[in-house]
Amino acid sequence: MSDRPVDVEAPLEPTPTGSWIVAIGPSVDLRHQIATALDTSLGNVGWLSTTDAARELFHAQTPDVLVLGADVSEEDALEFAEYTQVASPTTAVVIIRKTAVDGLLPSFMRAGVRDVVYDWRGETELSDALQHALLWSSKVRSAASPDRPGTISAGAKTISIFSSKGGSGKTFLACNLALAIAQRTGKESALVDLDLVMGDVFSYYGEEPDRSIYDLMVLPELDRATALKAGSKLHDLLWGFGAPPDPAAESVPPESAARLLKNLQSIFSYVVVDVPANYSDIVLSAFDCSEVICLVASLDVVGVKHLSKALETLLSIGVTRDRLHVVLNRADSRVGLSPSDVERVLKVQIDAMIPSSRLVPTSLNRGRPVYLEEPNADVSIAIRSVADKLAGTMGRRATDLEKPKRRFFGRG
């Protein structure tokens, strides 16, 4: 492809990675900026002057990444991102802004925007955003391929545990699930607490983190010896990573969190991440690094409302349904609402159900996960079932624990 601007009739040439990237905005300089950020030739980046022209592009091609320049108005950017979600769900949208969009960030996220880049922060941020967008688009296209089954994949390596509502049992599940996966697989696993302000993961093990994962986030690469020294050994085969409680803790760039998780992925067989109960950049970066996202909800109207919104939000930003694993906590509570009611109203299948148990708060007070304290209790059996499904050990003989006499009613 020549260096001239590309119109809608001209076919776009794939980049060296086999991806199509198109700059959108009145200034052709954006095209040069993208090529420089990706360290690729100018001929590998397309350019269209308006979002209207970009709409016509979808009739013939489906680019992997569309980059809206700072000269595109916020109204046009939002409208175009929403249009792209429908016209080309596998296309990632990245927006460049000259000023902060704090108030509009949730709107951009709901519109399916993958990243908002501020041009004053330099080339590195744009490069990271484009690389993440390309990776996301590639994963979505792979997930949407006809030969891929529409169920959650076995043997997931990184699992994020999420709920936008406090008190849902998110951290309880993360702590016990990580332990169950380590024991069931017999492989070294990591449990990461990404709540850097007031995380509770270590409390379930009666400990506090000795070192902060801030120290690991700044490292471009991480070897096993450094990781084990910085982490805390919570149990056989399980290592914990977090930060000492600090209400004044500063936020970290999302790329730092993503880099940490990718480094841990190269060291540990499984990584379970307890993410904060919000939709911040650090949470979204954790989602990008995860094969599976467990959405945890309790059996009450408010919990179900948050679950519904979480499903809607994550699907709107391009997370495919096969990556979402819905877990209903305290699923046997007699509160006038049943799991089947939740499935009917939300039109979603509950993938696993965890029963209520007085053993949970008791074990927390003792600083030992209930999965260790009471391995044959109903709540532990349910967690074991979730671990088997996510780690791909379904059907494996239970050598680490006494074989249970009965199973809970969940589908895990």
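Predicted model: local features only at pLDDT ≥ 70, side-chain atom pairs only at ≥ 80, totals over all residues.
Local features need pLDDT of at least 70, side-chain atom pairs count only at pLDDT 80 or more, and totals for chains, interfaces and linings use all residues. Residues are numbered from 1 along each chain as its sequence is written, and side-chain values use heavy atoms, with hydrogens and water left out.

The protein has 15 helices and 13 strands. Both are DSSP runs numbered from the N terminus: helices are H or I with at least four residues, and strands are E with at least two. Of the 412 residues, 54% count as buried. Buried means under 20% relative accessible area, exposed means over 50%, and partly exposed lies in between, with a 1.4 Å probe and protein chains only.

Two strands pair if DSSP finds at least two bridges between them. Strand β4 (residues 92-97) runs parallel to β5 and is joined to it by five bridges. Within this pair, Val93 stands opposite Val113 in β5.

A second open sheet contains eight strands, in the order β8-β9-β7-β10-β6-β11-β12-β13. Here the pairing is mixed. The edge strands are β8 (232-235) and β13 (352-354), and each pairs on one side only. The twist averages 25 degrees from one strand to the next. Strands β8 and β9 (residues 238-241) run antiparallel and share three bridges. His235 has Leu238 in β9 as its bridge partner.

Strand β11 (residues 292-298) belongs to this eight-stranded sheet. Seven of its seven residues are buried, so β11 is largely enclosed by the rest of the structure. Both faces are covered. On one side, Val292, Cys294, Val296 and Ser298 are buried; on the other, Ile293, Leu295 and Ala297 are buried. Strand β6 (residues 158-162) pairs with β11 in the parallel sense over four bridges, and Ser160 stands opposite Ile293. Strand β12 (residues 324-329) also runs parallel to β11, with six bridges between them. There, Asn329 in β12 is the bridge partner of Ser298.

Rolling a probe the size of a water molecule over the atoms shows where empty space is left. On a 1 Å grid over the protein atoms alone, a cavity is a set of points where a 1.4 Å probe fits but cannot get out, and a pocket is an open set with protein on both sides within 12 Å along at least five of seven lines; lining residues have an atom within 4 Å of a point. Grid points are joined across faces, edges and corners, and a volume is the space filled by probe spheres set on the points.

The largest pocket has a volume of about 1,100 Å³. It is lined by 45 residues, of which Pro253, Pro254, Ser280, Asp281 and Ile282 are the closest to its centre. Two or more lining residues come from each of α4 (105-110), β5, α5 (123-143), α9 (254-265) and α10 (281-288). Helix α5 gives the largest share, seven residues. By class, the pocket lining has 27 nonpolar, six polar and twelve charged residues. Ala, Val, Leu, Ile, Met, Phe, Trp, Tyr, Cys and Pro count as nonpolar, Asp, Glu, Lys and Arg as charged, and the others, Gly among them, as polar.

Three cavities of 30 Å³ or more are present. The largest cavity holds about 50 Å³ of space. Its lining includes Phe162, Leu295, Val296, Ala297 and His306. Both β11 and α11 (301-316) supply at least two lining residues, and α11 provides the largest share, four. This lining divides into six nonpolar, four polar and one charged.

Ser137 lies in helix α5. At 0% relative accessibility, Ser137 counts as buried. Residues up to four places away in sequence aside, Ser137 touches Asp64 and Thr90. Thr62 lies in the loop between α2 (51-57) and β3 (65-68). Thr62 is partly exposed, at 33% relative accessibility. The C-alpha atoms of Thr62 and Thr90 are separated by 8.0 Å, although these residues are 28 apart along the chain.

How values were computed. Contact = heavy atoms within 4.5 Å. Axes fitted to C-alpha atoms, helices over the stretch in contact; angles between N-to-C directions.
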